[in-house]
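This briefing sets out selected features of the structure shown below, grouped by topic. It is intended for reading alongside the sequence and the model.

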Amino acid sequence: MDVIVLGGGPAGRALAGACATSGLETTLVDPRPDRPWTATYGAWADELPSGTPVAAVAPVTRAIGVEHHVLDRAYAVVDNARLQVFHPDVRVETGKAVRTVLGPKSTTVLLADGRTLTATLVVDATGAPPSRGRVEQTAAGVVVSTADAKAVVAEGEALIMDWRQPPDAGVDWPTFLYAVPLDADRVLLEETSLARRPGLPVAELRKRLASRLALHGVDPSDVEEQVRFPVDLNRSAQLAFGAAAALVHPATGYSVATTLTLAPLVAAAIADALPRGPRAARAAARQVVWSPAAKVVHTMRRHGLRVLLSMPSEQVPEFFDLFFGLPEELRHAYLSDREDVAGATKAMAELFRGAPWRLRRTMVLAPQDR
């Protein structure tokens, strides 16, 4: 066996499929490989690699801080059912990995049921580590008909952020409404806490969402989505991919488009280096996932996360007005290009230059990373 991928989420399946496409004998291990994905995966349409299955695309996107912004960028929702289909050449094993033993020429994976699997290379794609004590993004959402959603978002549009606060809030912490089409007939309406330590409780988010939608006369259905994951992830010392490799954008929580884009590049690097041994293959894969430029941009984005965490609630909508007022190429650099050091630097510099002194003070005095 050439490669074992641990984890059958979007990152694991994408990498396993890419490895198989590259001619590598590949096994994927997951405790429940047939379990449907219930999360909604959205991304800017231009971030997704060609051929990514999508369920809906909103050609018009909007954001609201204090002011309304029309963004010149389409937004897409991934088709989970089609993305979940395994590559035909990937061997799928149902099981939970409890230990890996690294050897000079191969790695052995011990499964909870006592079985062992061995491959030249093992990649951890099991997702983010437990989020206890970490900065989390949390959300609570409901699915309504497209007709009912029109009171909040126009048909065919996506509302990326609406920072106007709902009337019912139990704690002083800003949240926003996220509204995206799931298909021609349904829209997801989700109350989201972008980042907080600890994550804002789902019960609080449910209450805020209900009060927000009541203002628009929307009576939500019983269908609900809950989100909770850490965003302040550290780069792994092991060979990992996806959220396990800290590929979650620290300041937005987005990761799927990045993992889908990187998967074939990582697989190609592994296939090229594997004849020289597992050490060479691990180094080649890590170089793709965390190039020097990507490390610098990640550090800058983590500073952006710290700024958001230290920002008084009343400053948050104003901050996002400034961000969405930046030229599109600078927004793109900060949101989407993980190796554009110059673009990320310019975006942050322009934000600082355009900010009033009270916001500048928050940006400068944000605590150091830890």
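In helix H4, the buried residues are Val-202, Glu-204, Leu-205, Arg-208, Leu-209, Ser-211, Arg-212 and Leu-213; buried means under 20% relative accessible area, exposed over 50%, and partly exposed in between, with a 1.4 Å probe and protein chains only. The structure is a predicted model, in which local features need pLDDT of at least 70 and side-chain atom pairs count only at pLDDT 80 or more, whereas totals for chains, interfaces and linings use all residues. Residues are numbered from 1 along each chain as its sequence is written, and side-chain values use heavy atoms, with hydrogens and water left out. Helices (H or I, at least four residues) and strands (E, at least two) are DSSP runs numbered from the N terminus.

**Helix H4 and its surroundings**

- Helix H4 comprises 14 residues, 202–215, and reaches 20 Å from its first C-alpha to its last, close to the 20 Å expected at 1.5 Å a residue; the expected span is 1.5 Å times one less than the number of residues.
- The cover over the buried residues of H4 includes strands E13 (136–145), E14 (157–162), E15 (176–181), E16 (186–196) and E17 (224–230); contact means heavy atoms within 4.5 Å.
- A cis peptide bond, with omega of about -10 degrees, joins Arg-197 and Pro-198, and Pro-198 is found in the loop between E16 and H4.
- Just after H4, Gly-217 takes a positive phi of about 70 degrees.

**The seven-stranded sheet**

- Seven strands form an open sheet with mixed pairing, in the order E6-E5-E14-E15-E16-E13-E17; two strands pair if DSSP finds at least two bridges between them.
- Strand E6 (68–71) and E17 are the edge strands, each pairing on one side only.
- On average, neighbouring strands of this sheet are turned by 20 degrees against each other, direction ignored; axes are lines fitted to C-alpha atoms, for helices over the stretch in contact, and angles run from 0 to 180 degrees between N-to-C directions.
- Strand E5 (residues 60–64) runs parallel to E14 and is joined to it by five bridges; Ile-64 has Asp-162 in E14 as its bridge partner.
- Helix H8 (residues 316–324) packs on the sheet, where it touches E5, E6, E14 and E16, and its direction makes about 35 degrees with that of E6.

- A second open sheet has four strands in the order E8-E2-E1-E12, with parallel pairing.
- E8 and E12 are its edge strands, each pairing on one side only.
- Its twist averages 20 degrees from one strand to the next.
- E1 and E12 pair in the parallel sense over four bridges, and Val-3 stands opposite Leu-121 in E12.
- H1 packs on this sheet, touching E1, E2, E8 and E12, and its direction makes about 165 degrees with that of E2.
- The twelve residues of H1 (residues 10–21) should span 16 Å at 1.5 Å a residue, and the end C-alpha atoms are 16 Å apart, which agrees.
- Eleven of the twelve residues of H1 are buried, so the helix is largely enclosed by the rest of the structure.
- The cover over the buried residues of H1 includes strand E1 (3–6), strand E2 (26–30), helix H2 (80–83), strand E8 (90–94), strand E12 (121–124) and helix H5 (256–273).
- Just after H1, Gly-23 takes a positive phi of about 90 degrees.

**The second largest pocket**

- The second largest pocket holds about 370 Å³ of space; grid points are joined across faces, edges and corners, and a volume is the space filled by probe spheres set on the points.
- The elements that give two or more residues to its lining are H1, H2 and H5.
- A total of 19 residues line the second largest pocket, of which Arg-13, Ala-14, Ala-18, Leu-83 and Leu-260 lie nearest its centre; on a 1 Å grid over the protein atoms alone, a pocket is an open set of points where a 1.4 Å probe fits, with protein on both sides within 12 Å along at least five of seven lines, and lining residues have an atom within 4 Å of a point.
- H1 provides the largest share of this lining, six residues.

**Individual residues**

- Ala-246, in the loop between E17 and H5, has a phi near 65 degrees, a positive value in a residue other than glycine.
- Ala-246 is buried, with a relative accessible area of 1%.
- Thr-100 is placed in strand E9 (residues 97–102) and counts as partly exposed at 45% relative accessibility.
- Not counting residues up to four places away in sequence, Thr-100 touches Leu-6, Thr-107, Thr-108, Val-109 and Val-122.
- Thr-100 and Gly-217 lie 117 residues apart in sequence and 54 Å apart in space, C-alpha to C-alpha.
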